[in-house]
Structure formats: structure tokens, C-alpha cells
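Q: I would like to learn how features of a protein model are read, one at a time. Could we go through them together, starting from a single residue?

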2 protein chains.
Amino acid sequence: MTGNVSQPAFVLVRPQMGENIGAAARAMWNFGLDRMRLVAPRDGWPNPAADAMASGAGRLLDEAQLFPDLPDAVGDCTYVMATTARSRDLTKPVLSPERAMRVAAERIAEGQKVAVLFGPERAGLENEDIARANAIVSVPVNPGFASLNLAQCVLLTAYEWRRQTQHVQVEMTEPGTAGWATGQEVEKLAMHYEQRLDGAGFFFPDTKAASMKVNLRNLWSRMPLTTADVQMLHGIMRQMVRWKERGE
Amino acid sequence: MTGNVSQPAFVLVRPQMGENIGAAARAMWNFGLDRMRLVAPRDGWPNPAADAMASGAGRLLDEAQLFPDLPDAVGDCTYVMATTARSRDLTKPVLSPERAMRVAAERIAEGQKVAVLFGPERAGLENEDIARANAIVSVPVNPGFASLNLAQCVLLTAYEWRRQTQHVQVEMTEPGTAGWATGQEVEKLAMHYEQRLDGAGFFFPDTKAASMKVNLRNLWSRMPLTTADVQMLHGIMRQMVRWKERGE
């Protein structure tokens, strides 16, 4: 996102059918949203089937930003929300679309960059994707019948964006002079800890390593970290390594 | 509608494609609505294409009430709302979906029978249809791009019905089975880090040590930590100390 960002980016993560990407573009543009990001669309990009379906909202596809993976796609974002249908075991705030878009509007008004993630058609987002988000957005569907498709999930979220931004009240949170950490900063912090803790034998036994890593990553992304916090946490780890290396 | 009616009837007026009728059924059932009425569907009734599309919500089609014309279809209703995309010259209250479903819920609670009309795919409702309604429902779409299809219009209205009638807890954070960390637990965590980091020479130079300690303590207390998080953070520090003491 560049310059004066006044709306969230909608990030389609590994979308499958071009038709659904086009339908998602239309759904967004119905409610005035036009910042689409795409992570590794299955059938490549550009996609003629997406263009055909998007009629009238084709500009969103022309301007869509393409990324090879999710960390890249949200690297410049300070607040990331993941839409999910099923409930997950990850400890994160679960927001209704209404609440989520109010939070998005408030954060954007503060100058933050917000992204909303939408998973692939069949399975939705992986836990690994969700671990990178600060919060979960869940549409309160009939527990006995949840069958929203990708464009419908985009539609409801975009609708709530419009509803919330027609009369937003801004609640300021003070991140300090350094501001909120970006997704990229949190990603680097997560990598730093993961590498050093790997070296120190923290992820043990091997059978548990993967889930321990997801939990740790989930911890960082769930915390409301400022840039100053991130620097302090880097400093802590660097100091422990120095201390060990001095071998006193 | 019969007996204790606790929801509005959604009336599809002269729908064209069976697929769209099936998609509308799914959209309704996603939000717990199951009273569908059909006025003169173009391709007759029942419609195999509708059944194929409705998968999982087929019961709504089996139970749908069929009428030859609109006056018949809303003959038993005391309050009728007409959804429209374009603005009309008719002098009637124009409600947002939100407001419309609140009104519907209030009237239904009073024992009234409420219907919501949805027009044919291409042209929408005729002025003659709208003249039979007590109010107009209009989705606040982008004035430059209004392209909601039938099922999407049904979806947004059904979503608002659910939102207005279900007082869901909108923001829940699931702290996991272990629950939120207590103040005492956070205090112990802060002490643990402070002692170890002191030993490792983190609080340097001395003149800055006090304010660094305050910042670190502030970081822990500002984070929404669960008991599991606290244990992981203890584990990280313990492991770094072990790694150093092994002196590899």
C-alpha cells in the first residue's frame, strides 16, 4: 500500500478458481474497496477467467498486487485479520465482521496498515497462515450450515467495512513515538527467535517442534507490539547469545 | 406462514435461473432462515437446477410455498418490504438492511407477519410490485458500481436478520484451556527475565538500567498473555540459560 491508505487490503491467499477471484473483486467494489492482494493464485496471474467474471471491477485485478507468499503480502501491514469458518485452537481475539471492520477503521484512522486474509476456496486458511494474524474474523453463520463461498465472505466483510465507515468513531491507542510494529518487523522477530532457539535446543522433542514453532509465532503476532517492543525483544535474545558466547 | 412465525418470509418474485433460487436458499440457511416463497418462477417448479445448487439447503426448496402472483404471496402478511438497487420515485420509507431487519424483528415480536421481496435477476422488482410494499430496503452499495446478484442480496439481508436477532457476544478472545495469566504469574515472569538478563549484562549502562527494567516490565504487563504464553516465555529463558551453561 502506498501513501494515504484509507482502506484495508483484502488478501486472497492461494485462491483456486479465477472466477472466484473475479467475483471477489466485484464484491469488494460493490462497497468501494479496491485494494486487492493475491498470494500464489493456483492458476497463475493474470487469469482470463478472473477478468471475464470481474466485469466492471476489472481495474481491481489490473491493480492487484501479487506475492509469492503470505509473509511478503503482509510485510508492510501493522494489523492482520484472518477470516475463518471453523473455530481454531489458536489463542487470538475472535471478532465478528462488524467488530473487525470497526477495529480496521479505527486503526486505519491512526495511520496503520490493515490487511484482511481470505483463504482458498476448499479448505480455508491454514493454521500457519492464521498464526501470522493478530485476530480472527468469523461470520456468525448457522452452526448447522456454514456454506459461504469466497466471494460471499468477501462481500459480507466489505459490506461491514462500508457500514462501519459511514459513521466511525475513532478510539485512539497510543503506540508511542516509534509506532506499531509492521508485519515485516514481527516476522523478523519471529525468525530471529526461531533460529536462536533452534540452535539452543528449545524445540524438543522433534515431533513437537513444528507445533512449538506455530505456538511461538502465534504468540508474537497476537501481541500488540510496538517497534520499540520488537527492538527490546531482539536485544534480549542478542544479549543471551553474547552472554553464552563470552562463556564466562 | 403458519403458527408461531419467528422469522420473515423471503419472497423471490419471478426468479429466472434455477441456480439462483438454489443459491438464495443456501444464502438464507447460512443465517438460519428457512421460509422461502416463490412467485411464478420462470422455469416452473420444482426445478432440478435449483435442487442441484441448493445442496444442504434443499429442504428450503421442498418446503417453499409457490404462488401465481405477488398479491397471493403476501396475502397473509402485515408488513412487506421490497429490496431494490435503484432508487425509485415511489414515496416510501427507504431502510438500510440493518434498519429493515430491526423493524422486521420488532414487528415479528409483536405477532406480525413480515415478508421481504426480492426481484428477478435482470431488472429487479417492478414499480407495481414495490407499490405493494410498506417500505423499501436498499443496500448501501457503491453508487458507481452496484452489481449485487440475487443470492448476494438475499445473503446480506439474511446476515442482517441474524445480526439484529442474535445478541452474540461480538468479541471473544479464547484464552485456551489454560486461561489468562494472573498478575502474579506475569510478575514472576517479569522477575525471572529481570534476574537472568541482569546476570547476562543486558541492563547496560548502569545509568539506563532502571528505565530499561521499567520498559521491560511494562512490555509484559501490556501484553494479553495466557498462562500457556507465560510458560513458553519462561521456557525460552530457561533454555537459553541451559544452553549457555552447557558451554558447547
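**Reading the model, feature by feature**

A: Gln239(A) counts as buried because its relative accessibility is 7%, where buried means under 20% relative accessible area, exposed over 50% and partly exposed in between, with a 1.4 Å probe and protein chains only. This is a predicted model, in which local features need pLDDT of at least 70 and side-chain atom pairs count only at pLDDT 80 or more, while totals for chains, interfaces and linings use all residues. Residues are numbered from 1 along each chain as its sequence is written, chains are lettered from A and ligands numbered from 1 in the order in which they are written, and side-chain values use heavy atoms, with hydrogens and water left out.

Q: Where does Gln239(A) lie, and with which residues is Gln239(A) in contact, leaving aside its neighbours within four places in sequence?

A: Gln239(A) lies in helix 10 of chain A; helices (H or I, at least four residues) and strands (E, at least two) are DSSP runs, numbered from the N terminus. Contact means heavy atoms within 4.5 Å, and, leaving aside neighbours within four places in sequence, Gln239(A) is in contact with Arg246(A), Ala200(B), Gly201(B) and Phe202(B). Gly201(B), which follows helix 8 of chain B, has a positive phi, near 80°.

Q: How is a helix such as helix 8 of chain B read, and how many residues does it have?

A: An α-helix has 3.6 residues a turn, so residues three or four places apart point the same way. Helix 8 of chain B (residues 183-199) has 17 residues and reaches 24 Å from its first C-alpha to its last, close to the 24 Å expected at 1.5 Å a residue, the expected span being 1.5 Å times one less than the number of residues. The buried residues of this helix are Val186(B), Leu189(B), Ala190(B), His192(B), Tyr193(B), Glu194(B) and Leu197(B), and they pack against helix 9 (206-222) and helix 10 (227-246) of chain B as well as helix 10 (227-246) of chain A.

Q: What is the order of the strands in the open sheet of chain B?

A: Strands of a sheet pair through backbone hydrogen bonds, either parallel or antiparallel. In chain B an open sheet of seven strands has the order 3-2-1-6-4-7-5, with parallel pairing, and two strands are said to pair if DSSP finds at least two bridges between them. Its edge strands, each pairing on one side only, are strand 3 and strand 5 (94-95) of chain B. Strand 2 of chain B is joined to strand 1 (residues 9-13) of chain B by four bridges and to strand 3 (residues 65-67) of chain B by three bridges. Met36(B) in strand 2 is the bridge partner of Phe10(B), whereas Val39(B) has Phe67(B) in strand 3 as its bridge partner. Met36(B) and Leu38(B) point one way from strand 2 (residues 36-39) of chain B, Arg37(B) and Val39(B) point the other way, and all are buried.

Q: How large is the area buried between chain A and chain B?

A: The size of an interface is often given as the accessible area lost when the parts come together. Here about 5,600 Å² is buried between chain A and chain B, and carbon and sulfur atoms give 63% of that area; buried area is the accessible area (1.4 Å probe) that two parts lose on being put together, summed over both. In chain A, Phe145(A), Trp243(A) and Lys244(A) lose the most area to chain B, together 13% of what that side buries. By contacts, 64 residues of chain A meet 64 residues of chain B.

Q: How many salt bridges are there between chain A and chain B, and which residues does the network of salt bridges join?

A: Side chains of opposite charge can pair when their charged atoms come close. The count between the two chains is four salt bridges, a salt bridge being a side-chain nitrogen of Lys or Arg within 4 Å of a carboxyl oxygen of Asp or Glu. One salt bridge is formed by the side chains of Arg163(A) and Glu160(B), at 3.5 Å from N to O. Within chain B, Arg163(B) meets Glu160(B) in a salt bridge at 3.1 Å, N to O. Because Arg163(B) and Glu160(B) are three residues apart in helix 7 of chain B, about one helical turn separates them. Salt bridges that share partners join Glu98(A), Arg102(A), Glu160(A), Arg163(A), Glu98(B), Arg102(B), Glu160(B) and Arg163(B) into one network.
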